[in-house]
Amino acid sequence: MSGFFSKRGKKPSKAKVAANENPGGSVDAPQAFSRIQMLDSFENAGLGWFWATDAENRIIYLSPSAVAQVGLTKQEAIGTPVADFFKQDEEHVREGRPLKFLVSARNSISHHPVRVAASDDDNPQYWELTGVPQYDDEKNFIGYRGSAKDVTASRASRIDAERMAQYDSLTGLANRHRMTKRLTSTLKAFHASQRSCALLMLDLDRFKQVNDTHGHPAGDDLLKQVANRIERIVGNKGEIGRLGGDEFQIMLQDMEDRAELGELADRLIKMISQPYQVNNARVSIGTSVGIAVSPFDGVEPDELVKAADLALYGAKNKGKGCYRFYNVDMRDGAETRNQIEIDLRRAMEDGELRMYYQPIVSAKDHNLKCLEALMRWEHPERGFIPPSQFIPVAEEIGMINELGDWALRQVCSEAANWPFELRVAVNVSAIQFAQDNFPEKVKEALREARMPAGRLELEITESVFVGDTGRTQEMFEDLKRIGVRLALDDFGTGYSSLSYLQKAPFDKIKIDQAFVRGATEKGNNNPAIMSAIVSLAESLGMETVAEGVETKDELTLVKERGASHIQGFIFSPAISHDELLERLETKQLKYEARGPERFRSERKSVFRRVGLIHEDHRYHVTMRDLSKTGARIEGLLNVPVGTPVVLDLGGGQLAVAAVRRSEEYTQGLEFETPLISDGADGLCTRHRVSPYEIAAASNAPLASLPEDPYALLMAENAANGTRKQFLEVDTSRNARNRKAG
């Protein structure tokens, strides 16, 4: 080795020679020999190796022990270009230039991680290189001289440590830190290339009940099963993370089609809601999904996360088990929610809560048989606030038991004074049902009102079966001993086992309106499901109630399918107690069916001011009806049939359409591309005009656009050419969709 360096490297300087001489002036040969032995020992021990290249950066020396370790002979190693012998370690790339660039530029190399190209893929070897370029006395480059060491083991440990810092130890999914880092880097890169990125936020419903009932180990097992199901649905389409607790996040690159996103969210909801086996028990949970898409709903990570969070909250407010897309109105909704929380605590004290009653009639003669009690909140400033808004808030802030207890006492008190002994049904939340003293509260409410127990029905959803089934069965038995009736509400929308019906002493099964809605349409399977539910109930000696019947064709269908009782707007909405008393006192116990002849699933009655664009002009019109395939508008006079227009639905939603019917001030429009569900009761376009397009057309940086950039699109002083450009973008996109379809 000493001969190699003396021939290939620089000549030793006089100072270095002097350093090796003894005080008498002769070279200390034993000391030089000892140094060579130490270097050989250092190499052979694997503590480190030496390497060198010629002026062409070909390897001319590599420690023999290093050559042996990678399974090569000296002849195979010598002469190989150093950039071919070593490959860049892509798994743990350091910031800076790759090895090939460094050696070609003759830069110094310091602790550079590489993979030995000749090492086996099943057992790769990773080294760390250090090297310095060498020059002769004439400043000619003569190659590198350097050292190397094996870092395979330490690299694996480092990667494991980094993985632990970036991945959830329970599920193996990315953790909050990694998801934030990945979202930040993705949005930064996509901002430059004007690409889209979708973010889905998931929150499990009823997970806390499983955790509390079966213990934290069971909860951990459930979370792992949920993570596995999400991975099966998402696959390699995106990155999945568990943010903590029962919160999950999914990032999907280059996806902004809301039809695809809605379909994916729906599949996630259905898959996660399927039953699980935990601790030899069968449990069911659910999930809600909020969806936001960059750049439409935010270009910064915190903006997009907040938008997805608001959309998730909107989904949970809708009744859970659904998805929602973010829209700008949700920001106001968040403020409203905070105000509801404040006002709800005061509402009971001030007597703002009321019980309304919706009739349940006999399917045979339409005579009144029962009334379902429904809570209503009449706010002094905002009017009636729907239960879908304040009930979820009550659950979150721990007021649901207080509201439920009040409703039970109030209903019993009012029903006890009716002129007829009609049954009355009260909804019971799963949280309320789980109270150990719930049967005592029922007895106390009946005793105070002096009402017979047989007149009270408790409507319970399948979610009560999530917890301890043994304790649930005991609760059923305690309630039946009191003498009250039990009804299974929203049957078929959950995933409880039918085996529960063998033991649970229900008197009635309520067929959820989801099976009634659209059941009269051709090819719909809901009628067969209704028949199966009715047959099951009859075999178990239970009544059936078809909920949500609104049209006469639906009424005919549920009768044909054998439902014993019917509830819905076809007979009456929920009415106040005073209105009910007036009807009872006049003995109006028979109801007439009043409603549309046929069910129309797509058309929704609306009253909205929207924009209509024709050529270079924008008009304000009123939209009266909206369906997936078209809309009815008012505000323009005698528009010719066939006129191409674009309907501006707000928020960057432009629907290309044509006038198909026109009568004075009313026009019927047909959309070129059908709208899709927004995850709630509304409709939306699949695509939106991108803020990138708005910024480009207005010659303004994206950061300078207003909070709602779409307002700029239709501003009265916007250039006609700008409007045309957006419409061309939207029209061409629709054409691509048609071709793809």
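**Rings, charges and confidence**

Arg583 lies over the face of Tyr591, 3.8 Å from the ring centre. For a charge to sit over a ring, NZ of Lys or CZ of Arg has to be within 6 Å of the ring centre and within 35 degrees of the ring normal. Arg258 does this too, with its charged end over the ring of Phe325 at 5.7 Å from the centre.

A word on what you're looking at: this is a predicted model, where local features need pLDDT of at least 70 and side-chain atom pairs count only at pLDDT 80 or more, while totals for chains, interfaces and linings use all residues. Residues are numbered from 1 along each chain as its sequence is written, and side-chain values use heavy atoms, leaving out hydrogens and water.

The chain's mean pLDDT (the predictor's confidence in each residue, from 0 to 100) is 83, and 84% of its residues reach 70 or more. Residues 1-27, though, have pLDDT below 50, and pLDDT also stays under 50 over residues 714-741.

Back to the rings: there are 13 aromatic pairs, meaning Phe, Tyr or Trp (six-membered) rings with centres within 6.5 Å; planes under 30 degrees apart are stacked, over 60 edge-to-face, the rest tilted. Phe141 and Tyr144 pair edge-to-face, 5.9 Å centre to centre with 75° between the planes. Tyr144 is buried at 0% relative accessibility (buried is under 20% relative accessible area, exposed over 50%, partly exposed in between, using a 1.4 Å probe and protein chains only), and Phe141 is buried at 8%. Then there's a cluster: ring pairs link Trp49, Phe85, Phe86 and Trp127.

Key. Contact = heavy atoms within 4.5 Å.
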